[in-house]
Amino acid sequence: MAENTTLSAARIPFVVRLSMGFLALFVLFALFGTWLTPYGFRETALMHRLEAPGLFGSGSEYVLGTDARGRDLVARLAVGAQITLLVAVVGTLIGTIFGSLLGLIAAARRGYTEAAIMTAVDVQLSLPIIVVALFVLAMFDNSFTLLVLLIGFTGWEAYARLVRAATLSAKTQGYVTAQRVLGAGAARIYLRHILPNVFNVILVQFTVNLPLTILLETALSFLGLGVQPPMTSLGQIMSEGRDRLLNAWWLTLLPGTLIFLLALSISLVGDWLRDRLDPTLRGRQIA
Amino acid sequence: MTRIILFKTLRAIITLLVAVTLVFLFIRLSGDPAVALAPPDAPPAVIEEYRQRLGLDQPLWTQYLSYIGGMFQGNFGYSIHTGRSAPSLFMDRLPATLLLGLTALGISVVLGVTLGTIAALRHNSAIDRMVMSFSVFAFAMPNFFFGLLVVLTGALVFGVYFGGSGATRSLGQLLAPAATLGLATMGSFARFTRSSLLETLNKPFMTALAARGVPFRRRLLRHAVPNAAIPVVTMLGLSLGGIVAGAVVTEQVFSWPGVGQLLIRSVETRDIAVLQFIVLMIALVMTVTNLLVDLLYLALDPRMRGGRNG
């Protein structure tokens, strides 16, 4: 991303550049944040419980303070950021591929296949994904794989509808007829010619969906039903700090701010990307 | 017209039936409910008794039919913890959730539409940019984090504790969680109203009206608003899902004694009868709302009536 910005940096709005900067920092922190501190994220220190962040002049040697078991918040936030980012990206990819493929198949096959897929979309629209996730998590044993899969279902119905509509309209374009006349097979037409043409739709939807998966994972973990200890995520740290909101604010406000800024930056970059990719929308959304 | 209504109603019924079937299959697939329901170290004979009482020794197809049949008789099972029927537990919690949800929806529609209208009329001004920034902020803000911020601000600045059990109900105790719950929806209403109104204001017929000397006020209220309102109505249906999902989290943050809290508790304790009843009720309410919004859309937009049914 950084290489692209140097060429046309002047044309990218300041807010978007700021968001890109924050995203880069966030990824770096998730990858290498544990190097910033000598403590491990599960290392407890009973003598240093609930120390306020040294950064804000409490005199503690823990820069961002400690939690109720004396665990270093820098290390916990770094690992939490890692897990939150991992779940969000993998989850969004699952939903993108699953939903887009179903949309493509619906538009390609029509008939009963299309009706079945669109009924599945209707069913999904009648149940918020967090309710589905809670229901399934209660039924089966909570495992990390199950959680990622469930979060992967976020917004698949949006991809299915968008890709179906985009494919149907692409099918009427001259180039598809030309390919068919030239003797190209159905698989070749869909995968080599139509898919790249509906790719922009998928990419824009990806940036809409990514913040939603982040908010779903952190909300589930905050409720104590997502990422389970000893593993941690930004939402899980907040869940542990929730009961100490008034006397240990750093346990909730720091991870909460990270989640908010992460979702905000992705949305801002996504909005900008949508304007760039779809000139007809320019000026209608925020710059 | 009648055909479209029938078609859409049929589609809603199919949607609900698929949802019910999925819930049934998930419960049966998740393992042996008899083992889950019996006490932890029950002898095999006791588990077998549970199995027979629950009809689990019957083939899956028979179980499915008696499951559907039971629903029509209002038999949705009993809570394994309190022994009370799932619907009665649900009804206990419903008024609190309705109060919270409808207040949140009211706040978000009124404020969101107002903000969106102002932004559209003052297009590209500072206030327009502020409204759009607010809508991005509202979208990205996790409601559990915003809720905690509200609780913290209330405690530190105003000396009020919003996270209480709701025993002392005051207007503030309602408005704090309602504003938290309505925040995201308010942002999308503002954004949606703005883009819908802008689009209408830029239509050729608006220019034609201006050329004929129709005053601005009349152009706006008689011509632009009714046209711009149609897509906003569909937002009402879509936003319900957001409110339902948000209520689950918001009720937890503010200890609001509603259905969302009951849902979380039944997930934690694996109270399957209660859990399934809540899920089915959410599916029912949302399917019916989506159907009503579709029909309302038909009534508002004559162009939708003659054409192909979507």
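## Overall make-up of chain A

Chain A holds 11 helices and 0 strands, where helices (H or I, at least four residues) and strands (E, at least two) are DSSP runs numbered from the N terminus. This is a predicted model, in which local features need pLDDT of at least 70 and side-chain atom pairs count only at pLDDT 80 or more, while totals for chains, interfaces and linings use all residues. Residues are numbered from 1 along each chain as its sequence is written, and chains are lettered from A and ligands numbered from 1 in the order in which they are written.

The C-alpha trace of chain A spans about 75 × 50 × 30 Å along its principal axes. Of its 287 residues, 46% count as buried, a residue being buried if 20 or more other C-beta atoms lie within 10 Å of its own, exposed if 12 or fewer, and partly exposed in between, with C-beta atoms placed from the backbone. Among the contacts in chain A with a separation of 6 or more, 66% come from residues 24 or more positions apart; two residues are in contact if their C-beta atoms, placed from the backbone, lie within 7 Å.

## Helix pairs

In chain A, the axes of helix α3 (residues 73-109) and α9 come within 7 Å and cross at roughly 140 degrees; axes are lines fitted to C-alpha atoms, for helices over the stretch in contact, and angles run from 0 to 180 degrees between N-to-C directions. The helices α3(A) and α9(A) are therefore oblique to each other, since angles under 35 degrees count as roughly parallel, over 145 as roughly antiparallel, 65 to 115 as roughly perpendicular and the rest as oblique. Residues of α3(A) that meet α9(A) include G91(A), G95(A) and L104(A), and those on the α9(A) side include Y190(A), F206(A) and I214(A). By class, this contact of α3(A) with α9(A) has 11 nonpolar, 9 polar and 1 charged residues, with Ala, Val, Leu, Ile, Met, Phe, Trp, Tyr, Cys and Pro counted as nonpolar, Asp, Glu, Lys and Arg as charged, and the others, Gly among them, as polar.

In chain B, the axes of helix α7 (residues 143-158) and α8 come within 9 Å and cross at roughly 150 degrees, which means that α7(B) is roughly antiparallel to α8(B). The contact of α7(B) with α8(B) has 6 nonpolar, 4 polar and no charged residues.

## Where the chains meet

In all, 36 residues of chain A are in contact with 39 residues of chain B. On the side of chain A that touches chain B, the elements giving two or more residues are α4 (111-125), α5 (129-139), α9 and α11 of chain A, and the residues of that side divide into 28 nonpolar, 6 polar and 2 charged.

Helix α6 (residues 126-140) of chain B has buried residues V131(B), M132(B), S135(B), A138(B) and A140(B). These buried residues pack against α9 (186-222) and α11 (250-277) of chain A together with α5 (86-121) and α8 (171-201) of chain B.

## Backbone features in loops

A cis peptide bond, with omega about 5 degrees, joins P229(A) and P230(A), and P230(A) is placed in the loop between α9 and α10 (234-241) of chain A.

In chain B, S255(B) has a positive phi of about 50 degrees although it is not a glycine, and it lies in the loop between α10 (216-253) and α11 (259-268). S255(B) counts as partly exposed because it has 15 C-beta neighbours inside 10 Å. R270(B), also a residue other than glycine, has a positive phi near 55 degrees and lies in the loop between α11 and α12 (272-300) of chain B.
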